[in-house]
Amino acid sequence: MKNTLVKKAGKKVAAIALIGSVIFSGALAGCSNNESNADSDKTTINVWGMGEEAKSLPKIAEQFEKENPEIDVKVQAIPWDTAHDKLLTAVASKKGPDVVQMGTTWIPEFASANALKDLTPHMEDYPELQASNFFEGSVETTKYEDKVVGVPWYVDSRVLYYRTDLLEEVGYKEAPNTWEELRDAAKKLAERGEGKYGISIDTKEQTLGFMFARQNGSMLLGEGNKPLFNEKEFVEAVSYLNGFFEDGSTPKQDLGIDIVQAFKGEGILPMFISGPWMVKLINDQAPELEGKWATAVLPAKESNLSALGGSNLSIFEYTKNEEAALKFLAYMSKPEVQIEWKEMTNSLPANKKSWGDKSLQGNEQYKTFGEQMENSQAMPVIKEWEEIAQTFLTSFEKIYRGGEDVQKEMDAFNKKAQEILAD
């Protein structure tokens with residue numbers, strides 16, 4: 001999903017044009033706002049799911065249908081790289097799904113186009129949708145202006161992955177707890193010899209710099225969405241990250257191997273920051289590491305705030321099956337259903353009660369994510385954020401690779417952000 005959202009930025013201009021210009025063709029595959037089964041009184045709702053996980057949606061839908069025999073669910077699995085354009089077409093035609101999976105960073109764009117139904121009036125009738133059921137950071141991604149336009153479905157956050165055996169060799173029996181310890185551990189690990197480093201700093205990860213800035217007290221945006229990217233808190237965080245490149249704790253160049261390869265064996269990169277999907281990848285691709293690695297909540301400065309991602313479920317504004325769609329959202333929000341979904345797809349539940357299940361509490365790697373979720377925050381929910389994040393990555397490359405002065409480059413980045421927000 002991360003890569004898809006990156007690609008989305010380049011489509012923004014075309015997106016705006018499409019919303020205003022596409023004319024209803026009446027031939028949208030899988031679209032129907034008011035399907036009815038001619039042979040019965042059943043209501044049919046169309047659900048658009050994205051990516052690989054959507055292929056498992058029909059299994060959950062079957063269970064929903066058993067509890068709600070008056071409703072049929074048709075699931076359409078849409079690849080992430082075509083989903084955005086397909087949604088734009090649906091918005092322009094006012095004919096699309098009844099329920100749609102929304103990446104958290106998509107919410108502002110489609111909510112501003114009035115494509116997502118406000119769920120606020122339905123919270124009393126469907127208590128499963130109420131904000132108190134979910135992590136606070138995740139709830140923030142469902143809001144747009146004074147509306148609630150989605151319900152958290154699954155979540156992810158970022159934590160520290162580390163080789164316990166290699167950290168212990170350099171004096172750390174536990175994961176680094178502070179910025180200072182992280183820097184110290186990375187230096188000592190890099191001193192193991194040529195071709196070995198302390199930590200991977202993913203320069204394509206658009207949340208990383210902002211996440212560290214928040215840990216240093218930066219608000220990112222001030223009142224009226226005024227950019228604060230050249231202020232002390234933000235600049236210090238960028239300087240801190242650049243320090244890993246400057247002292248050789250992390251490589252400036254692409255090593256030509258993936259992170260699992262670099263993590264196993266001699267541990268070329270024995271620490272990295274990433275999301276829950278890496279747990280399964282390490283277990284599958286490096287089973288010999290069992291007992292030699294762990295996850296930990298992020299080291300702290302003023303805080304250890306992490307970035308929050310995931311997906312929400314929303315109801316398409318133009319649905320004519322609102323009641324059935326609400327029942328589906330309520331069902332998918334139940335703790336026991338979210339645990340089943342986790343078993344099917346390894347997606348982490350957004351419902352806090354789900355985290356009491358033994359399948360999560362008994363797994364130390366996943367348990368860490370539950371702890372980190374209590375201190376995670378989504379990126380600012382504004383439609384310009386994608387472009388701002390991409391602009392930051394360009395500026396950061398000029399610093400770590402080109403040696404540009406951090407304050408000077410952040411002054412330039414802040415000015416560009418002001419221009420983006422003024423457009």
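Buried means under 20% relative accessible area, exposed over 50%, and partly exposed in between, with a 1.4 Å probe and protein chains only. This is a predicted model in which local features need pLDDT of at least 70 and side-chain atom pairs count only at pLDDT 80 or more, while totals for chains, interfaces and linings use all residues. Residues are numbered from 1 along each chain as its sequence is written, and side-chain values use heavy atoms, with hydrogens and water left out.

**Whole chain**

Look for 18 helices and twelve strands; helices (H or I, at least four residues) and strands (E, at least two) are DSSP runs, numbered from the N terminus. Turned along the principal axes, the C-alpha atoms fill a box of roughly 75 × 50 × 35 Å. The radius of gyration is 22 Å, which agrees with the value near 22 Å that a compact globule of 423 residues would have. That radius is taken over C-alpha atoms, and the globule rule is 2.2 Å times the number of residues to the power 0.38.

Colour by accessibility next. Buried residues account for 53% of the 423 in the chain. The chain exposes about 18500 Å², of which carbon and sulfur atoms supply 47%; these areas come from the Shrake-Rupley method with a 1.4 Å probe, and for residues only the protein chains shown count as cover.

**Helix H9**

Select residues 208-215, which form helix H9. Eight of its eight residues are buried, so H9 is largely enclosed by the rest of the structure. Step just past the helix to Gly217, which takes a positive phi of about 95°.

**The cores**

Now show Phe110, Tyr161, Ile282 and Met332, the residues with the most contacts inside the largest nonpolar core, a set of 76 residues. Such a core is a set of buried Ala, Val, Leu, Ile, Met, Phe, Trp, Tyr and Cys residues joined through side-chain atoms within 4.5 Å. Helix H13 (residues 322-332) gives the largest share of this core, eight residues. Colour domain 1 (43-156 + 309-377) and domain 2 (159-307 + 381-421) separately: both give residues to this core, so it lies between them. The domain bounds come from an automatic or database domain assignment.

A second, separate core has 51 residues, including Phe212, Phe234, Val235 and Phe244.

**Salt bridges**

Finish with the charged side chains. A salt bridge is a side-chain nitrogen of Lys or Arg within 4 Å of a carboxyl oxygen of Asp or Glu, and the count comes to 15.

- Select Arg183 and Asp247, whose side chains meet at 3.2 Å, N to O. Arg183 lies in helix H8 (residues 179-190) and Asp247 in the loop between helix H10 (232-246) and helix H11 (259-263), so the pair ties together parts that are 64 residues apart in sequence. Arg183 is partly exposed at 22% relative accessibility, as is Asp247 at 32%.
- Move to Glu140 and Lys143, a bridge of 3.3 Å, N to O. Glu140 is partly exposed at 38%, and Lys143 at 35%.
- Go on to Glu397 and Arg401, with the closest N and O atoms 3.0 Å apart. Glu397 is partly exposed at 36%, and Arg401 at 46%.
- End at Lys117, Glu317 and Glu322, which salt bridges with shared partners join into one network.
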